[in-house]
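Subject: Structure handover

Hi,

Here is the structure I promised to pass on to you. Please have a look at it first, and then read my notes below.

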Amino acid sequence: MRTTEVMTAVVVRRPGGPEQLHLAELPRPVPGPHQLLVRVRASALNRTDTTQRAGGYALPPDVTSPLLGVEVSGVVEAVGVAVRSFEPGQRVFGLVDGGGYAEACLMEEGMAVLMPEGWSFVEAAATPEAYCTAHESLLELGGLGPGQSVLVHAGGSGIGTACIQVARAVGARVFVTVGSEEKKRRCLELGADAGVVRTQEDFAPVLARWTDGRGVDLVEDFVGGAALERNLASLRLGGCLLLVGLMDGMRGDVDLKQVVLRRLQIKGMALRPLPLEAKAAVTRRFQARWLPELVAGRVRPIIDSTFPLARVAEAHRHMESNASFGKIVLEV
Ligand SMILES: NC(=O)c1ccc[n+]([C@@H]2O[C@H](COP(=O)([O-])OP(=O)(O)OC[C@H]3O[C@@H](n4cnc5c(N)ncnc54)[C@H](OP(=O)(O)O)[C@@H]3O)[C@@H](O)[C@H]2O)c1
């Protein structure tokens, strides 16, 4: 008989394709003093999950769980002895240190956020990674503000759809790259000002015309690789390349003279390897700046699709087909 000490979770049999994802019965985690045990109701996919599944992501040494899944929503099932702000039965959402693709997962008290009234578990799970990443990169690192402009690569990605809305909310102009006309249309609907379909057109000359040759203040780059040189060339004098993802590869050629003479900046960002205190601070900034906007409906999570946990392989295939617009969410 199945006891409450076990749970169903997604495991990766061996590093490889989506066919390596399987459901297994694992011991239910036990919360440490400052942790919540959350009965997961929804967990959103992120590109790092597909990289981790394929064996290409070196887990930070102190992660709580080696399982996939870095953001969840659900109901608090139990709390650690030192937890003061939450109690069993409350609906919460937030970033987790892995382990989200499961019936239950540990969440640090400092990273838990109470779910607003009327929110669905799917919406809540689709929110934290996208809005925390958009805020930390564009605003904390990039200092984006009114009247400035930003190039957002992969505008239709889960993170990209939040970046478009965050940039527009602070009064900036947004140029996107996407993989299809349909995604471009949807990005413009979300608030982007212009964009190119990356498979049909080189973004650099179009963006140069769009900025009257001046270049943008920021490039939000999820791509890395071959576009590095063109990204730097697309920045205005003193502009900043925010390296947030590396979907097109980890290496690229840089004309260092261009960086020096045009006083360019290159800043990298990754949420997951941050120490716990820093991640709790990220959550507090998200709560202060974006939760009220989300509750008021001025910005929103964009949901592409939902899959039951048992169809996780299909969800990964869908993500890797590059067909999704916004977040893909697993319902548990
Ligand atoms: N640094 C951090 O803390 C952090 C946190 C979260 C996510 N990220 C990064 O953010 C990025 C987006 O993640 P996500 O989960 O939102 O992804 P997603 O929803 O799966 O969207 C990714 C999109 O990127 C585009 N793309 C895929 N391969 C590409 C390539 N080689 N060159 C250019 N575009 C490509 C595709 O759209 P089109 O075909 O329409 O272009 C694809 O649909 C990833 O790089 C991820 O690692 C970083």
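One definition before anything else: a residue is called buried under 20% relative accessible area, exposed over 50%, and partly exposed in between, using a 1.4 Å probe and protein chains only. Please keep in mind that this is a predicted model, where local features need pLDDT of at least 70, side-chain atom pairs count only at pLDDT 80 or more, and totals for chains, interfaces and linings use all residues. Residues are numbered from 1 along each chain as its sequence is written, and side-chain values use heavy atoms, with hydrogens and water left out.

**Positive phi**

Most residues other than glycine have a negative phi. Arg-263 is not a glycine, yet its phi is positive, at about 50°. You will find Arg-263 in the loop between helix H8 (256-261) and strand E13 (265-268); helices (H or I, at least four residues) and strands (E, at least two) are DSSP runs, numbered from the N terminus. Arg-263 counts as exposed because its relative accessibility is 64%.

Asn-322 also has a positive phi, of about 65°, and is not a glycine either. Asn-322 sits in the loop between H11 and strand E15 (327-331). With a relative accessible area of 37%, Asn-322 is partly exposed.

**The whole chain**

The protein has 11 helices and 15 strands. For 332 residues, a compact globule would have a radius of gyration near 20 Å, and the 20 Å of the protein agrees with that. The radius is taken over C-alpha atoms, and the globule rule is 2.2 Å times the number of residues to the power 0.38. Along the principal axes, the C-alpha atoms fill a box of roughly 65 × 40 × 35 Å. Of the 332 residues, 54% count as buried. Among contacts (heavy atoms within 4.5 Å) with a separation of 6 or more, 67% come from residues 24 or more positions apart.

**Helix H3 and its partners**

Two packed helices are described by the angle between their axes and the distance between the axes. Here, axes are lines fitted to C-alpha atoms, for helices over the stretch in contact, and angles run from 0 to 180 degrees between N-to-C directions. H3 (residues 128-141) packs against H4 (residues 158-169) at an angle of about 55°, with the axes 8 Å apart. That makes H3 oblique to H4, given that angles under 35 degrees count as roughly parallel, over 145 as roughly antiparallel, 65 to 115 as roughly perpendicular and the rest as oblique. On the H3 side, the contact includes Glu-129, Tyr-131 and Leu-138, and on the H4 side it includes Gly-158, Ile-159 and Val-166. By class, this contact has 10 nonpolar, three polar and one charged residues. The classes are nonpolar for Ala, Val, Leu, Ile, Met, Phe, Trp, Tyr, Cys and Pro, charged for Asp, Glu, Lys and Arg, and polar for the others, Gly among them.

H3 also meets helix H9 (residues 276-289), with axes that come within 10 Å and cross at roughly 90°. H3 and H9 are therefore roughly perpendicular to each other. Tyr-131, Cys-132, His-135, Glu-136 and Glu-140 of H3 face Val-282, Arg-285, Phe-286 and Arg-289 of H9 in this contact, which divides into four nonpolar, one polar and four charged residues.

**Some single residues**

Lys-327 belongs to strand E15. Is Lys-327 buried or exposed? At 3% relative accessibility, Lys-327 counts as buried. Not counting residues up to four places away in sequence, Lys-327 touches Glu-129 and Gly-158, among others including Glu-71 and Asp-304.

Phe-203 lies in helix H6 (residues 203-210) and is buried, with a relative accessible area of 6%. Leaving out residues up to four places away in sequence, the residues that Phe-203 touches include Leu-151, Phe-175, Val-196 and Ser-234. Phe-203 and Ser-234 are 31 residues apart in sequence and 9.1 Å apart in space, C-alpha to C-alpha.

Asp-193 is in the loop between helix H5 (181-190) and strand E10 (194-197). Asp-193 counts as partly exposed at 34% relative accessibility. Arg-168, Arg-173 and Trp-210 are among the residues that Asp-193 touches, not counting those up to four places away in sequence.

Best wishes
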